[in-house]
Amino acid sequence: MTKSVSEKGLRWYQDVRFGMFIHWGPSAIPARHDWIMAAEQISPADYEKISAQFNPTKFNADEWVSIAADAGQKYLVFTTRHHDGFSMYDTALSDYKVTTFSPFRRDPVRELADAVAKRSDIKLGFYNSLLDWHHPAYRFRKESGLAWSDYLEFLHGQVRELCTDFGEIACMWFDGDWPRHKFTDSEAYFLAGGSFEYEKLYDMIHTLQPEAVIINNRHETPQPGEDVQGFEQDLPGANTTGFNSPTVADFPLEVCMTINDHWFHIAGSTNYKSTKSLVGYLARSASAGANYLLNVGPNAEGEIMPLHAARLRAMGQWLQTNGDSIYGTRAGVIAPSAGAVSTRKGDTHYVHLLENVSDWTRLKGVPDTVTSARLLRDGSAVEMTQDGDQVILNVPDERRDGFDTVVVLT
Ligand code: GLC
């Protein structure tokens, strides 16, 4: 029988609601494209010349973890190996890795694991790519004489290492399943050779790390063993990207999103989401019962970009006074409207006023147990009137928070 995450692990994961996604690797050196190897058709031999330069001497795991802590984020998901196939830890299963192939010689995953181990409130989780543009058994079976089973041994072996060598983890996060069925064999970059043997893979994870959730960014309905349904660059149900799947009712959810338009560090990248918009996404995710995994793309020197850190810290400031409306909550039961969503903890409802068009906010579906309204920020009373089956909250301009004004209904 296929296992799932333990109840305790799932509860922890759902309670924390906010995490930091980290996309980092040699592509931060050219810093031109998230998928530079495929986009510019760079051969493994030529890409190796880039990886061989990777030397992020300013990398400081404690600093990264402290940015996440300031932001109020409770887990990190780190790219242990992205599509370019470069392992960002000291894997025993490949020489194409940060500790020996690049001059850096250090192990970022080990250092991040040590940094989170110093704290009790943040966990580390691992992204691992199912597809690999460098591995001879993934793309070059004909030339190398290797078999798909050789690739599977590598992939499953890495996951075993990640679930064994770094203490208790928050999650295993997979990505890159899609080519198996969405691209044809003529596109050599997307040439998977068969099944990833998920049942075996997932059972191993659930056995070695009973409290870690499994997420697979397949853009499809979760299959047995997958504990969380993921949405990429979209709120559940929104599907503006066109590839996200319909939301599975009553299932744990996670939204992953970039702060700018990229996963990795891209030189000169602009179009940063405002803090107001990021807090809005966090609240809207929570109101839909989803975690919000927000991405940073550190540069080739090893720094989280100051603008990323600043947006995150501003979110953390808001969470300092409004965290009760996010942490430990579940999806809201009050009908969402354009400018307001809600989260819930038992009979306590948190209404997030995200837009400030008028002093009045009309709410439908407020449970009749609700008799009082006050601001979460300072506990001051909020005027609440009944209008038929609707409730109107009156929060004038002067009392609004710049990002998200939270009204607690009890
Ligand atoms: C997409 C991108 C991949 C990125 C992932 C993060 O799958 O192709 O590069 O790592 O999203 O969610």
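Two strands count as paired if DSSP finds at least two bridges between them. Helices (H or I, at least four residues) and strands (E, at least two) are themselves DSSP runs, numbered from the N terminus. The model here is a predicted one: local features need pLDDT of at least 70, side-chain atom pairs count only at pLDDT 80 or more, and totals for chains, interfaces and linings use all residues. Residues are numbered from 1 along each chain as its sequence is written.

Now for the pairing itself. Strand E7 (residues 253-258) lines up with strand E8 (residues 290-296) in the parallel sense, over six bridges. Within this pair, Met257 sits opposite Leu294 in E8. Both strands belong to an open sheet of eight, ordered E5-E4-E3-E2-E1-E8-E7-E6, with parallel pairing. Strand E5 (213-216) and strand E6 (229-232) are at the edges with a single partner strand each, so one side of each has no neighbour in the sheet. As a bit of background, strands of a sheet pair through backbone hydrogen bonds, either parallel or antiparallel.

The antiparallel kind turns up too: strand E12 (residues 360-364) and strand E15 (residues 390-394) run antiparallel and are joined by five bridges. There, Trp360 stands opposite Asn394 in E15.

Arg17, with phi near 65 degrees, lies in the loop between helix H1 (7-16) and strand E1 (18-22). Arg17 is buried, because 28 other C-beta atoms are within 10 Å. Asn271 has a phi of about 55 degrees and is found in the loop between E7 and helix H11 (275-287). Asn271 has 9 C-beta neighbours inside 10 Å, so it counts as exposed.

Zooming out, the chain has twelve helices and 16 strands. Its C-alpha trace spans about 75 × 45 × 40 Å along the principal axes. Of the 410 residues in the chain, 46% are buried.

Key: A residue is buried if 20 or more other C-beta atoms lie within 10 Å of its own, exposed if 12 or fewer, and partly exposed in between; C-beta atoms are placed from the backbone.
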